[in-house]
Amino acid sequence: MIGVLSYFVFFCSVALILAIVVLGLNLQWGNTGLFNAGIAGFYAIGAYGFAILTAAPRADLIGNFGLPWIVGVAGAMAASAFIALVIGIATLRLRDDYLAIATFGIAATIQLLALNLDPLTGGAMGISSLPNPFRGLFPASILNNLCYLALIVALVFVVYAGLQRIVASPWGRVLKAIREDEIAARTLGKNIDMFRLQAFVLGAMLMGLGGALYVSFIGFVSPADFMPILTFQVWTMLIIGGSGNNKGAILGAVVVWGLWSLIGAVTVQFLPPHFQIYGGATQAVLIGLILVLTLLLRPRGLIGERTTASRHAT
Amino acid sequence: MIGQALADGILTGGILALGAIGYSLSVKILKFANFAHAEFLSVGAYLALTLAALMGAGTPIDPLSFGLPLIAATIIAGVATGVIAILVDTLVFSRLRARRAAALTLVFASFGMALILRNLVLLLWGPNAHYYGQELQIAIEVLPDVRMLPDHVFVLVLTILLVLSLHFFLQTSRVGVAMRAMADSPALSQACGIDTASVIRWTWLLAGMLAACAGVFAGLTVQIRPELGFNMLLAVLTAAVLGGAGNLFGAVVGGLVVGLAESLSVLIIPASFKPAIPFLLLLIVLYVRPQGLFTKSVRA
């Protein structure tokens, strides 16, 4: 019973951390139409930013400042925001696909740096013993994990409420206007480059927050957690849930993470050990198929965006 | 030392150029960034591997490590990869075009297709590295202090021939002219009675064939792995952006710049950071000259 419950807590924690990332993507893609092909990169920046700031000092590593949890989370978000700013300024005034190419590049480069910049990132071994505000609070670790899950739920709620509010605000309406018709938005005197940059940076901050929450949850950081497949998973979550809809983003995260875990469990159960490598490939093919088929057959996703019209329209 | 790095860079650059030309063709004519393009390199490399194996070893043509079967296999694999590209277009991209989906939706779908193709290759051929031949080769001195394997010289010469014949094809043949017309203005070319559907098929065929050649060449110079294409994707995209997507010789120069920068970087930084070089170049280009080296201006 405890086993099932602790798996449930683990599952919900990861799914809801990913939900924060999907909410960030929804701001970029769903509301503004910005294509981010490097989600895994921004997630990794948050994760490593958090680890470098908070891990207990170790002689062979630069960084590891042992700072408090909250400083780590803030630093992770700031680091993701900074990289998003650098990429955004370079690409957002250009044609749409340059952002896709540049974000794809940053994700590949961050993965490379994580693996090879040993003095800062710990290389393939990563950095361990990362702080978690609830570790050691109770003797039973499941209670600590439950507390952390409660914190994640609260954060998801705060992020959701915040996004709902700003998307409904005049600022959010400009984002939608840019997505629907860039030239019309420009004609109305909106500085669209600035709006897109703000949305991109804000979305990347949420991805960084997700990365920090995740490594604080599992207690260590290593390059294996930031493979390109993560980017595909997050996209699929948003597309399935319904891009442009924040509730859909959260629903998509839970549904797709559930499917992914289920397929993983089934392959582990039924495939002989030396075929396990093919299990991962099967999972990836299925994610790809779901992505393409949803785009083809049900572009609105499960929930989809509510059509809004001006109160003054007739 | 520098001479050797230059030679290696030109070889890599030539292969990247083949990938970048195919990618640029599809960007110009189909109007979206196709991230699945790199997977056609892997598909072509593996198809050629299987076809060559089916045809039997054959005797290697003296200084080269492979015989006629691989050459025949590459040609068939090129056409087959082109056909697969057309198939992908029919199944996915053409439907999205018919629905008048935004260009970014097609980019999105191309990422999904890339994931599917890459993992199908992994499922079909397994995760291990393959080689076209077991022959050991001795490097020959092509210039003072510059050594290259005979295979590499062959690849380089063939790359140059391919680029030249493609240039000739685009400049003179009816299809080539139609392709260039459609790159300039799809609406106008349709009004002129150009069969746009057939131009699109030709584009995919050419892009697939070039990608398959690049894949086989990359397999000959390094090894064949399921990630072969994916690992070259960023370099290919950078080469295309550098050349100003759409310009054939621009893509060649872009490929050479990326290849040379990669191989020269090893003289300064640890080799493990080499894959980051294309990204650095990309950022510099996007900040300084986003329209590419050879395009006048045009900001869409």
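A residue is called buried when its relative accessible area is under 20%, exposed when that area is over 50%, and partly exposed in between, as calculated with a 1.4 Å probe on protein chains only. By this scale B:Asp89 is buried, with a relative accessible area of 6%, whereas B:Arg97 is partly exposed at 25%.

The model is predicted, and local features need pLDDT of at least 70, side-chain atom pairs count only at pLDDT 80 or more, and totals for chains, interfaces and linings use all residues. Residues are numbered from 1 along each chain as its sequence is written, chains are lettered from A and ligands numbered from 1 in the order in which they are written, and side-chain values use heavy atoms, with hydrogens and water left out.

**Salt bridges**

A salt bridge is taken here as a side-chain nitrogen of Lys or Arg within 4 Å of a carboxyl oxygen of Asp or Glu, and six are found over all chains.

| Salt bridge | N to O distance |
|---|---|
| A:Arg179 and A:Glu180 | 2.8 Å |
| A:Glu182 and A:Arg186 | 3.6 Å |
| B:Asp89 and B:Arg97 | 3.0 Å |

In the pair from residues 179 and 180 of chain A, A:Arg179 is partly exposed, with a relative accessible area of 26%, while A:Glu180 is exposed at 57%. Helices are DSSP runs of H or I with at least four residues, and are numbered from the N terminus. A:Glu182 and A:Arg186 are four residues apart in helix α8 (residues 182–187) of chain A, and so are separated by about one helical turn. An α-helix has 3.6 residues a turn, so residues three or four places apart point the same way. Both partners are partly exposed, A:Glu182 with a relative accessible area of 29% and A:Arg186 with 45%.

Among the buried residues of α3(A) are A:Trp69, A:Val73, A:Met77 and A:Ile87. With contact meaning heavy atoms within 4.5 Å, the cover over the buried residues of this helix includes α2 (39–54), α4 (96–116), α6 (141–168) and α9 (192–218) of chain A, together with α11 (277–288) of chain B.

A:Leu94 lies in the loop between α3 and α4 of chain A, and is buried with a relative accessible area of 10%. Leaving aside residues up to four places away in sequence, A:Leu94 touches B:Leu286 and B:Pro290.

**The interface of chains A and B**

The contact takes 46 residues from chain A and 43 residues from chain B. Buried area is the accessible area (1.4 Å probe) that two parts lose on being put together, summed over both; for these chains it is about 4,000 Å², 83% of it on carbon and sulfur atoms. A:Ile101, A:Phe104 and A:Leu295 supply 16% of the area that chain A buries against chain B, more than any other three residues. Across this interface the rule finds zero salt bridges. The elements giving two or more residues to the side of chain A that touches chain B are α3, α4, α10 (229–241) and α12 (276–297) of chain A, and the largest share, 14 residues, comes from α4(A).
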